[in-house]
Amino acid sequence: MLILLVVLLLIIVIVLASCIRIVPQATAMVVERLGAYNGTWGVGIHIKTPIIDRVARKVTLKEQVVDFAPQPVITKDNVTMRIDTVVFFQITDPKLFAYGVENPIMAIENLTATTLRNIIGDLELDQTLTSRETINTKMRASLDVATDPWGIKVNRVELKNIIPPAAIQDAMEKQMKAERERREAILRAEGEKKSTILVAEGHKESAILDAEAEKQAAILKAEAQKEKMIKEAEGQAEAIIKVQQANADGLRFLKEVGVDESVIQLKSLEAFAKAADGQATKIIIPSEIQKLAGLATSVVEVAKE
């Protein structure tokens, strides 16, 4: 009997312990009573009624990430490509999530594929490759509206990879290669152009400097010649002044000595003799000087006798 009581007590303890549930952070539990929705347990400790109540679903309220496999899509210009997407979603209503759809992840995947086909079908290949942000925005808005009755909020949708056909990839690679070669040719041409301009400017500046140097040299040479001519003129002027000064001093001396007319005539004769010293073929001598010359000759002859 005692063993029976112990077993019964142990069973009661186990049942009571199983009725105590602790809900961790960022988690919710959907509870049913007799198969019907009874409530949603949040963070904390909860006690359910044995046998009658049960936890129908444990829901994570954290943001979740689902990476879907590449989906084949056809663009507006009939190019088939494969695109894989990544969806970031979060459960906002555990009750709707538990009872809204049978398999929420599969539902989101199929909804993502159909939405992606609808959006890509209105775009051409080039637009598809260059409009990722636009596609992401449209898909997020569409999925968020469609999953709202399921208690799911779609926060972000990203196109992880766009895989065009092999022929398109080869054509794109050739186009990119041609574009790179074109840019390289343009850069090379611009470099050569700049180099030619710099060389021409260098020659121009060199010619300007040479002309400026020649100009300065000519100016200095002209100034040197001018200074030389000025000095020569000054020298000649000083010589003339000195000669005139000497003549004036001589005349002053003769005046002070008191020479007579005969001496002056004799000096004049000497001057004419110097003037005729190999420089003239014919000299006209005044009559006064001729008389003086005759007188001088007579004096010489008398002196000889």
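Me: Between which strands lies the loop in which Ile51 is found?

Reply: This is a predicted model, in which local features need pLDDT of at least 70, side-chain atom pairs count only at pLDDT 80 or more, and totals for chains, interfaces and linings use all residues. Residues are numbered from 1 along each chain as its sequence is written, and side-chain values use heavy atoms, with hydrogens and water left out. The elements are DSSP runs numbered from the N terminus (helices H or I, at least four residues; strands E, at least two). On that numbering, the loop that holds Ile51 lies between strand S4 (44-47) and S5.

Me: Does Ile51 count as buried or exposed?

Reply: The phi angle of Ile51 is near 70°, which is a positive value in a residue other than glycine. Buried means under 20% relative accessible area and exposed over 50%, with partly exposed in between (1.4 Å probe, protein chains only). Because its relative accessibility is 84%, Ile51 counts as exposed.

Me: What is the phi value of Ala26?

Reply: Ala26 lies in the loop that links strand S1 (20-23) and S2. Its phi is positive, in a residue other than glycine, and lies near 60°.

Me: In which order do the three strands of the open sheet run?

Reply: Two strands pair if DSSP finds at least two bridges between them. The edge strands, each pairing on one side only, are strand S3 (36-41) and strand S5 (53-60). With antiparallel pairing, the order of the open sheet is S3-S2-S5.

Me: Which residue in S5 is the bridge partner of Thr27?

Reply: Strand S2 (residues 27-33) and S5 run antiparallel and are joined by seven bridges. In S5, the bridge partner of Thr27 is Thr60.

Me: How are H3 and H5 oriented to each other?

Reply: Helix H3 (residues 104-120) packs against helix H5 (residues 132-147) at an angle of about 135°, and their axes are 10 Å apart. Axes are lines fitted to C-alpha atoms, for helices over the stretch in contact, and angles run from 0 to 180 degrees between N-to-C directions. Under 35 degrees counts as roughly parallel, over 145 as roughly antiparallel, 65 to 115 as roughly perpendicular and the rest as oblique. H3 and H5 are therefore oblique.

Me: How many charged residues are in the contact of H3 with H5?

Reply: Residues that meet (heavy atoms within 4.5 Å) include Ile108 and Leu111 in H3, and Ile135 and Lys138 in H5. By class, this contact has nine nonpolar and four polar residues, and the number of charged residues is one.

Key: Ala, Val, Leu, Ile, Met, Phe, Trp, Tyr, Cys and Pro count as nonpolar, Asp, Glu, Lys and Arg as charged, and the others, Gly among them, as polar.
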